[in-house]
Amino acid sequence: MNIIFTDGSSRGNPGPGGWGSVVVTGVEDGKQTAESAIIELGGGEKETTNNRMEIKAAIGGLGATEAGAEVTIYTDSSYLINGITKWIKGWKRNGWITKAKEDVLNKDLWMELDALVKDRAVTWKYVGGHVGIIGNERCDTIATAFADGVPMNLYKGLLSAYTLPNILDISHNEGLQDSKKSSSSHSRAKAYSYVSSVGGVIRVHHSWADCEKLVKGARGARYKKAVDAGEEKKIVEEFKAFLV
């Protein structure tokens, strides 16, 4: 069983963009085994769109698995999921022409992705973006780095030696379909603190105003709201892991 996390990013639409995929192989019942391995993948383009990068991330991830493989893909892109599971049926039936008699947008990538999906047993899962799921967060980091042209060290090796904790843990988004609701509820909760990571330095802020001053406009900045001391500690540890 293979687990794939994907994400895409672009600075402008169109503009410089990047994509990231984290592929975990040798998974059984959603858990790590002695044979579990991990491959981080990423790439970028000087002039692209966020949606193209989302599709490229799925193509990159699936391309790292063998034909006939069983794969579950976690993505925060509804466009990607709807396109490959619903809209593509009509596109193919109509010869990849829209009702407006134009070529389907991103036709080249959809065709490439479709060919990969045909040779694999793929399950698509939606996850909320930036809700603390390590796999999704790592893909965002990779995609953003490639969009910004920042050098990135991508890992390939045994999962047991991987530096990020709990890559297979999606418990922050149990139920998947309720992810947007859960994220919205968290966003309305009173803040205990805000944690930022800018230029390799992690700080805890007691007001959003202080955090915003630091992260606004800062390249590669990360920040999250904590609703209690326990979550604050967890976010700090998570941000530390991303600095490795």
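In this predicted model, strand 4 and strand 5 (residues 121–126) are joined by six bridges and run parallel. I73 has W124 of strand 5 as its bridge partner. T75 is likewise bridged to a residue of strand 5, Y126. Strand 4 also pairs with strand 1 (residues 2–10), again in parallel, through five bridges. Here T72 of strand 4 stands opposite I3. Strand 4 spans residues 70–75, and five of its six residues are buried. Strand 4 is therefore largely enclosed by the rest of the structure.

Helix–helix packing was examined next. Two packed helices are described by the angle between their axes and the distance between the axes. For helix 1 (residues 50–63) and helix 3 (residues 107–118), the axes come within 10 Å and cross at roughly 25 degrees. An angle under 35 degrees counts as roughly parallel, so helix 1 is roughly parallel to helix 3. Their crossing is left-handed. Helix 1 contributes R52, I55, K56, A58, I59, L62 and G63 to the contact. Helix 3 contributes D108, L109, W110, E112, L113, L116 and V117. By class, this contact has nine nonpolar, one polar and four charged residues.

Helix 3 also packs with helix 2 (residues 78–93). The axes of helix 2 and helix 3 lie 11 Å apart, at an angle of about 95 degrees. Angles of 65 to 115 degrees count as roughly perpendicular, so helix 2 is roughly perpendicular to helix 3. On helix 2, the contact is made by Y79, L80, G83, I84, I88, W91 and K92. On helix 3, the contact residues are W110, L113, D114, V117 and K118. This contact has eight nonpolar, one polar and three charged residues.

The backbone was then inspected in the loops. Most residues other than glycine have a negative phi, and most peptide bonds are trans. The peptide bond from N13 to P14 is cis, with omega near 15 degrees. P14 is located in the loop between strand 1 and strand 2. W96 is not a glycine, yet has a positive phi of about 60 degrees. W96 is in the loop between helix 2 and helix 3. With a relative accessibility of 10%, W96 counts as buried, because the cut-off for burial is under 20%. N106, also a residue other than glycine, has a positive phi near 65 degrees. N106 likewise lies in the loop between helix 2 and helix 3. At 8% relative accessibility, N106 counts as buried.

Key: Residues are numbered from 1 along each chain as its sequence is written. This is a predicted model: local features need pLDDT of at least 70, side-chain atom pairs count only at pLDDT 80 or more; totals for chains, interfaces and linings use all residues. Side-chain values use heavy atoms; hydrogens and water are left out. Axes are lines fitted to C-alpha atoms, for helices over the stretch in contact, and angles run from 0 to 180 degrees between N-to-C directions. Helices (H or I, at least four residues) and strands (E, at least two) are DSSP runs, numbered from the N terminus. Angles under 35 degrees count as roughly parallel, over 145 as roughly antiparallel, 65 to 115 as roughly perpendicular and the rest as oblique. A crossing is left-handed if the near helix is turned anticlockwise from the far one by less than a right angle, and right-handed if clockwise. Contact means heavy atoms within 4.5 Å. Ala, Val, Leu, Ile, Met, Phe, Trp, Tyr, Cys and Pro count as nonpolar, Asp, Glu, Lys and Arg as charged, and the others, Gly among them, as polar. Buried means under 20% relative accessible area, exposed over 50%, partly exposed in between (1.4 Å probe, protein chains only). Two strands pair if DSSP finds at least two bridges between them.
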